[in-house]
Each structure stands twice: as C-alpha cells, then as structure tokens.
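Subject: Structure handover

Hello,

Here is the structure for you to look over. My notes follow below it.

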Amino acid sequence: LIACLLVIALRPQYALAVFITALLWYPSFLAVSVGTIDILVGRFVVAVLLIRCIFDDGLRSKFVWSRLDTFVTISMAASIVPYFFTQDQPPMLVIESRGGYLMDTWCAYLAARFVVTDRTRLVALMKCIAVVLVPLALLGVVECFTGWRPFAALWSYSPWFQGRGRFLLEGRWGLNRAVGPFSHAILFGGGFAMFLPLIYYLRHEKKQWRSLAYVLSGVALLGALSSLSSGPWVTVLVVIFCLAMEGHKAWVKRIFLFGLFSCILIGIVSNRPVYHVIASAANPLGGASWHRAKLIDLAIEHFPEWWRVGYGDRDPGWGASLGMTWTDVTNEYILSGVRYGIVAVISLFAVLIQAFQGLAAVHRKLKHPVLKSLCWAFGSMLFAVAVTWMSVSFFGQLITLFYCCLGMIGSLSNPSFNWQVPRTIPVVKNHAARKVAAVNKTA
C-alpha cells in the first residue's frame, strides 16, 4: 500500500524507482491470496504505475511505439497461446496464470517505456537503484559470513508453502550463499550483476557522483559475489569484460570472430559438442556444469516432443537422466522451448537481436562519448544476461527486473528519446576529446 501511494505521489522516474525497490526488497514468496489468485507486491505496484502512466497526458503523449515493442508483444503472445493447449485445468485458472505472467513481464516493460523518456529521468532512476542496492549488498555480505537471514522467518507465511517451507542454509567454501529477500541465491546475486554496468556508468556524472560511482559499483560487486553462485559470477565476469572493451571497441569484432572459430576448432579437436567442453572448463564455483550440458543434449533428443507447444508447466521427465527426481531446466532458452514451443524460443531470440540492433544503431549515431557510454552500459547488461541464460533461468523478481531494463533499452533506442546532450565532457578516459579541447584553447 505504501509503495502504491508513493507511485501515485512521486515524479514518474521516482515512481518507477519505488517499483524497482519493491521488487528488490519485498520477499517474492509473500503474496496476497484472493480466492485462487496469489497477487505479488510487484503486480500491485506495476498495475498502479501503469494506470498512472496511461492517464498521464504528459507521459502518454511522449510514448511512441517502436519495433522492439512489437517484438516483445509477439514474444508475450508466443508464451501465452501455446500454454492453453498444454493445460488440463479450468480455463479461468489458465487465464489467471497468464495474467500474472503478463504483469511480471509485459506490464513491467511498458511501465519503463512510458516513464523513461529522457536521459535525465534515466540517470535519476539509475542513481536511485545504486543507492537502494547498498544496504541489500551489506545484508548479503552479513548473510555470507554469519548465516543470519532476517527474511527467513517470513518463509512460513508464504501461501505456497503454508508453513512447511523454510530457508535452507546452502554453504560453499565454508561460507553461506546469500539470499536476502529473494527465493534463491542465484536471483539475489543476479540482480546486482545485472545493474552493475548501469551503476558504473554514473562515473560520467558531475560532482560527487563521479567518484561515488566507483564505490557503489564495488558495493554492487560485493552483493553479487556474496551469493556464491556461478550464474551471477559469470554475469559479473562478462560485464567486466564488456566494460573493459569500451575503450577498445575496434577489437570487439576480432574477438568475436576469434571466439567463433575457436569454438569450431575445439569441437573438431575434442570430438564432442563445444558446449560440453565449455561446461567442463568454465565452472568457477564447482557447480553442476555437466547438468547444463546434459540439458542441451536432452532438449535436442526430445525436440520432436516439445517443439510445437512445449510441455507447459508439466515436468518434461528428464530428471532420471540428470540424476534428479525432477527436471531442473537451468537454461532460459531451453525453458522457453519446453514450456511454450520453438516459436517462443525464436521470438525470445528476436527480442534480444532487436534490442542489440537498436542500441548499436543509436551508438553509431551519437557523437558525444558520454551518451555513447550509456548505450554501451545497457549493451553490456544485455549481453551479460544473454550469456548467463545459457546456465540460468530467470524467475521471481529477477525476470521482472530484466523486463524493466529491457523497457529502458526500448526507450533509449526510440527516436523520440530526449538525449539532452551535456554541455561539457566530464574528465574521463577520453584522451581524444581532451586533446581537441587543448588545441582549441591554445588557438
């Protein structure tokens, strides 16, 4: 209720910040049960936020439908229509389920699209996220070293577990995997890793933010590492690589081609699928990497069974082959396929490709280095998520947070976005700009 009132009262960018804060801090396993419907706090808040956006003439007049909006909408349809063919429950329950899915994804996307209309609002939103993550990261560090979990007591109030569930202390290297208000350590660490490049961008801002951005980035990094999960750690590594390449963009295409030919060569030399080689080598925390590789094998083997409409919410029955009693689909692309069919997988790839193309087009068009860096930050986030999806599937708050970020990308790549070019170039690693400025001053 407090979040909904703040969404109504605050400026649009801060209203969206309240929504994201609620997702980060309110436990995802606590829901309000109304009959057969379990309503999460994020759904309450995004409904109020979206209604406000629709009835706000200023926001509605600035909204311009884009190609990415079309692809995201098609992706939603591809995840909803097949679902009706795989369920044996009453139609109203299916509609309720898909309605909740739309509120977690499409509505969050649209809310971000409506609110983020210019760079000032976007930067203000990023600053709020950076600050909100600080106490959450400190909580993660405390959980990691002490095992104290303040949100664990609330688990018994979840309508899904009815007092039977409890947080399990999962250890690794003598430490504890931080969970916070999330339902899994992977989701907890993934939130920090996903926002890391956006926080790091704040180094371009004026005054105290220029140095504070490095501190906040370090705090976000600690939050991601406190999860002790390979998924967030991989995301962090990919983000750091992408951010490091910002100053060496000429090498990106060469590194991509080198990686592509290396995968082909490794596959030929090892005489096995390259993803098996990668899974056995890229395993920083000693997790079940073979499980990820085997999952791809099973998806290919059972392709004729799921390619039309998928299995819906039913278990594919691959647990025995994975050494489990149930099938843990730890791959977002495969999960999309086994739930909704091949069309959903294709539409998901189409969304990612269109988002990358939109960012790349805007990046080429912009001349100001600070604005180009903003595109690079969002591109780094998107690429890191796309890579991480090979070993992790998003759910709970994290999928909603991702669609919020995707909505921001949709606004950035929209021609109607107001970039508000800065009057001065901050003192960053932009030697060419500083050299030109020095020459002009001398002249």
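Start with helix α9: it bends by about 40 degrees at Phe-195. A proline, Pro-197, follows within four residues of that point. Please keep in mind that this is a predicted model.

Despite the bend at Phe-195, the end-to-end reach of α9 is close to what is expected. The helix covers residues 185–201, 17 residues in all. From its first C-alpha to its last it reaches 26 Å, against 24 Å expected at 1.5 Å a residue. Of those 17 residues, 16 are buried, so α9 is largely enclosed by the rest of the structure.

Overall picture

The protein has 20 helices and 4 strands. It runs to 443 residues, and 52% of them count as buried. Take the contacts between residues at least 6 apart in sequence: 75% of these join residues at least 24 apart. The accessible surface comes to about 21300 Å². Carbon and sulfur atoms account for 68% of that surface.

Cores

The largest nonpolar core has 108 residues. Which residues have the most contacts inside it? They are Ile-20, Phe-195, Phe-378 and Phe-402. Phe-195 is also where α9 bends. Phe-402 touches Met-194, Leu-352, Leu-382, Val-385, Trp-389 and Phe-394, leaving aside residues up to four places away in sequence. There is a second, separate core of 12 residues. Among its members are Ala-299, Trp-306, Leu-322 and Val-329.

Helix α2

α2 is mostly covered, with 11 of its 14 residues buried.

Aromatic pairs

The count comes to 17 aromatic pairs. In one of them, the ring centres of Trp-25 and Phe-151 are 6.5 Å apart. Their planes stand at 50 degrees, so this pair is tilted. It links distant parts of the chain, 126 residues apart. Trp-25 is in helix α2, while Phe-151 is in the loop between α8 and β3. Are these two residues buried or partly exposed? Trp-25 is partly exposed, at 26% relative accessible area. Phe-151 has 13% relative accessibility, so Phe-151 counts as buried; the cut-off is under 20%.

Phe-303 and Trp-307 form another pair, with ring centres 6.4 Å apart. The planes are at 20 degrees, so this pair is stacked. Phe-303 is partly exposed at 33% relative accessibility. Trp-307 is partly exposed too, at 34%.

Ring pairs also link a cluster: Tyr-333, Phe-349, Trp-389, Phe-394, Phe-402 and Tyr-403.

Ser-217

Ser-217 lies in helix α10, residues 209–225. Its relative accessibility is 8%, so Ser-217 counts as buried. What does Ser-217 touch? Not counting residues up to four places away in sequence, Ser-217 touches Leu-196, Ile-199 and Tyr-200.

Best wishes

Note on methods: Residues numbered from 1 in each chain as written. Predicted model: local features only at pLDDT ≥ 70, side-chain atom pairs only at ≥ 80, totals over all residues. Heavy atoms only, no water. Helix = DSSP H or I, 4+ residues; strand = E, 2+ residues; numbered from the N terminus. Expected span 1.5 Å × (residues − 1). Bend = angle between axes of the 7 residues up to and from the residue. Buried < 20%, exposed > 50% of the residue type's maximum accessible area, 1.4 Å probe, protein only. Contact = heavy atoms within 4.5 Å. Areas by Shrake-Rupley, 256 points an atom, 1.4 Å probe, with all protein chains shown as cover. Core = buried A, V, L, I, M, F, W, Y, C linked by side-chain atoms within 4.5 Å. Phe/Tyr/Trp six-rings, centres within 6.5 Å; stacked < 30°, edge-to-face > 60°.
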